[in-house]
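Q: Hi! Could you walk me through this model, strand by strand and then a few residues?

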Amino acid sequence: MESGVYRLDQSDVVFIDPVRLLNDSYSRFRLSPSAYYSRHFPPSSTQKRNRKRKRNKPRHAPLNLNERELCAEERHQQVRPLLLNAHRKLLEASQLLRILPRIVESEAALECRERVVNQNFVELGSSWRAPFCEIALCNGVQDEVKNPQGLRSGLSEGRKLVPLFDNIISVESDDDVEAEFQNVIYVLPPKSLFLMSDLRQVRKLIAGDSAEGFNLIVIDPPWENGSARQKAMYPTLPNRHFMYLPVKELAHSDGALVVLWITNRQKLQDFVVKDLLPAWGISHATPFYWLKVKPDGSLIGDLDLFHHRPYELLLLGYVNVDFNSECMKTIKHLKESRVIISVPGAYSRKPPLGKLLEEYIPGQRPSRCIELFARELVAGWTSWGNEPLHFQDATYYLGK
């Protein structure tokens, strides 16, 4: 229960608590559950049965499907029993279900989400002002008056100014560090490193010696999709741009486990399998599934809803790996699909996977890990993207 990873009935189905896992990265602060779980979930159908409402037809698979939609529906039917079995195991975990509502709420239901001021780092980083932007890093703990959340209101002393964009910023401290940019305080976990840049600068993170490369590479690309454009949540890129990510060059000489988040669109999955994975040199691709539930344990939507499945796909595979090497004999190999269950946080925010995937990662311990297109930082990890500080705003955090 303390680990944040709950294995259900000794199976390959796990429920994870992202807040507890992320809080392992911090010593002086803790992530507020109320801020992380900021999405509103309507009551399940059993709770609203007595309400008068207009009954709409369920949006299941349309009758007239084209060839690609038929493939998508066939794939859904194949994975459906696996997902239903995983959800059944969650519903049988009575102890977990009892505490689940408390996991997603905190004593500070605070106005966290209203206080967060999300900077538009993407727009700023591509403007003429980018070279002049500097972030102030706090060197050490200061005896300042703290606000009720335990966060300092200003960083006036012990500041170190560094360029924010196209610059590798490393937190060498064993403690959390606070930073300030445009009057907003950010919390940086210890031993974290990040580069805020566009795709042209990512090669700065390639180690001069492949023995210093990464053992785990997590990639959450901003895929082209209508939902992201409509909600204006984040900018997207043409899918073929991702073929130029230097995945092989970033990987450790002992090889790396690569985790790729993809959507349920059949066209995108065809592109990933036929073009993207071969371009990156990925082998042994194995699908895992992220099943999303509400705080009461019910699915966030109808499992068979055609355009809004309550699950997402992540593909796991290996790059630069010699499967006959000694390091590969000591890890668990990817063989079967697994289901990861959690209550989702903000739109497009993915749960942390490092601890869950430790048994599959080749090479040294502790593993060297990187997230591409990151929107948050993790202690000991390297994070790259347009906005790795997105969820580091101090108003997401409470003092311990």
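Q: What should I keep in mind about the model itself?
A: It is a predicted model, where local features need pLDDT of at least 70, side-chain atom pairs count only at pLDDT 80 or more, and totals for chains, interfaces and linings use all residues. Residues are numbered from 1 along each chain as its sequence is written, and side-chain values use heavy atoms, with hydrogens and water left out.

Q: Thanks! How many bridges join β12 to β14, and do they run parallel or antiparallel?
A: Four bridges link β12 (residues 283–292) with β14 (residues 339–342), and the two run parallel. Two strands pair if DSSP finds at least two bridges between them.

Q: And what is the strand order in the sheet?
A: The order is β1-β2-β14-β12-β13-β11-β10-β15-β16-β9-β6, an open sheet of 11 strands with mixed pairing. Its edge strands are β1 (5–7) and β6 (168–170), each pairing on one side only. On average, neighbouring strands are turned by 20° against each other, direction ignored.

Q: Which way do the β2 side chains point?
A: From β2 (residues 13–16), V13 and F15 point one way while V14 and I16 point the other way, and all are buried. Buried means under 20% relative accessible area, exposed over 50%, and partly exposed in between (1.4 Å probe, protein chains only).

Q: Switching to helices: what does α9 lie across?
A: Helix α9 (residues 266–280) lies across β10 (216–219), β11 (256–262), β12 and β13 (311–319), running at about 155° to β11. Axes are lines fitted to C-alpha atoms, for helices over the stretch in contact, and angles run from 0 to 180 degrees between N-to-C directions.

Q: How do α3 and α9 pack?
A: Helix α3 (residues 67–92) and α9 pack at an angle of about 85°, with axes 9 Å apart. That makes α3 roughly perpendicular to α9; the cut-offs are under 35 degrees for roughly parallel, over 145 for roughly antiparallel, 65 to 115 for roughly perpendicular, and oblique for the rest.

Q: Which residues meet there?
A: R68, C71, A72 and R75 in α3 meet Q266, K267, Q269 and D270 in α9. Contact means heavy atoms within 4.5 Å.

Q: New topic: where is E376, and is E376 buried or exposed?
A: E376 is in the loop between β15 (369–372) and β16 (382–385). At 10% relative accessibility, E376 counts as buried.

Q: What does E376 touch?
A: Leaving out residues up to four places away in sequence, E376 touches L22, R349, K350, S383, P388, F391 and Q392.
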